[in-house]
Amino acid sequence: MGAVAERISRKLHDGLSPESLEVRDESAKHAGHAGARPEGETHFDVRVVAAAFAGLSRLERQRLVNGLLREELAGPVHALSLKLLAPAEA
Amino acid sequence: MTETPVADPIRDFIAQAVEQNPVVLFMKGTPDSPRCGFSSLAVQILDHLAVDFVGVDVLQDEALRQGIKEFSDWPTIPQLYVKGEFVGGSDILREMLQAGELQTLMAEKGVLGTAAGA
């Protein structure tokens, strides 16, 4: 796992205590596109199952994650695709 | 809001766009020629629902590109507004469409096109 993916994983882990967490680096699919860097680690697919999402709207869930990953989104991460589920929905 | 208003032309432009148009998509590129896969997806979803919308190309102006992120407190683009209300980005639009919620929202707001059917 790359350095950025590791940071994303760690921050989501610390912030959400998720039941499950998948961070997939999809950068290779976007090579040459806007925002792509030669070293990769720009495009991520993230799937999180966490009790913290229960009772929250889609918007609230994503705001929670955006807040945890503020530095990454302001920096190296160009695109983040999120699937955020409460345990009962997974 | 209790803040003292200060001159901020970008913020004013965004506020006006959101106020004056029932459906506004802040996107990269134009509806006819999106320049990012996520913006393209958002356009496709709105087209699928036959919703009339105004596309605002944030690539035309770096200040606008940053300004919309601050305006919505949302770090990514595209961003959809319906009747002045922030709905979300492409992940949320896709999930809402799949759950049938986007159709309901558009119908409630009176902006759903006729071509999409009931």
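# Briefing on a predicted two-chain model

Chain A carries 12 positive and 13 negative side chains, and the centres of the two sets lie 5 Å apart; Lys and Arg count as positive and Asp and Glu as negative, with His and the chain ends not counted. The place of a charge is taken as NZ of Lys, CZ of Arg, CG of Asp or CD of Glu. This is a predicted model, in which local features need pLDDT of at least 70 and side-chain atom pairs count only at pLDDT 80 or more, while totals for chains, interfaces and linings use all residues. Residues are numbered from 1 along each chain as its sequence is written, chains are lettered from A in the order in which they are written, and side-chain values use heavy atoms, leaving out hydrogens and water.

**Chain A**

- Three helices and three strands make up the secondary structure of chain A (DSSP runs numbered from the N terminus: helices are H or I of at least four residues, strands are E of at least two).
- Along the sequence, these elements follow the pattern α-β-β-α-α-β.
- The C-alpha atoms of chain A fill a box of roughly 40 × 25 × 20 Å along the principal axes.
- Of the 90 residues in chain A, 41% are buried, meaning under 20% relative accessible area with a 1.4 Å probe, protein chains only.
- Contacts (heavy atoms within 4.5 Å) between residues at least 6 apart in the sequence of chain A join residues at least 24 apart in 66% of cases.

**Chain B**

- Chain B has five helices and six strands, in the order α-β-β-β-α-β-α-β-β-α-α.
- For 118 residues a compact globule would have a radius of gyration near 13 Å, and the 14 Å of chain B agrees with this.
- Its C-alpha atoms fill a box of roughly 45 × 30 × 20 Å along the principal axes.
- Buried residues account for 42% of the 118 residues of chain B.
- In chain B, 8 positive and 17 negative charges have mean positions 4 Å apart.

**Helix H4 of chain B**

- Helix H4 (residues 90–99) of chain B has the buried residues B:Ser90, B:Asp91, B:Ile92, B:Leu93, B:Glu95 and B:Met96.
- The cover over these residues includes helix H2 (58–68) and strand S3 (79–85) of chain A.
- Chain B contributes to this cover as well, including through helix H2 (37–48) and helix H5 (101–108).
- After H4(B) comes B:Gly100, with a positive phi near 80 degrees.

**Nonpolar cores**

- The largest nonpolar core has 35 residues, and those with the most contacts inside it are B:Leu25, B:Phe26, B:Leu80, B:Val87, B:Leu102 and B:Met106. A nonpolar core is a set of buried Ala, Val, Leu, Ile, Met, Phe, Trp, Tyr and Cys residues joined through side-chain atoms within 4.5 Å.
- Elements of chain B that each supply at least two residues of this core include helix H1 (9–20), strand S1 (23–27) and helix H3 (62–72).
- S1(B) gives the most to this core, with five residues.
- Another core lies apart from this one and has 19 residues, among them A:Val46, A:Val65, A:Leu73 and A:Leu84.
- Beyond its neighbours within four places in sequence, B:Leu102 is in contact with B:Ile45, B:Leu49, B:Val87, B:Leu93, B:Met96 and B:Leu97.

Methods: Buried < 20%, exposed > 50% of the residue type's maximum accessible area, 1.4 Å probe, protein only. Rg over C-alpha atoms; globule rule 2.2 N^0.38 Å.
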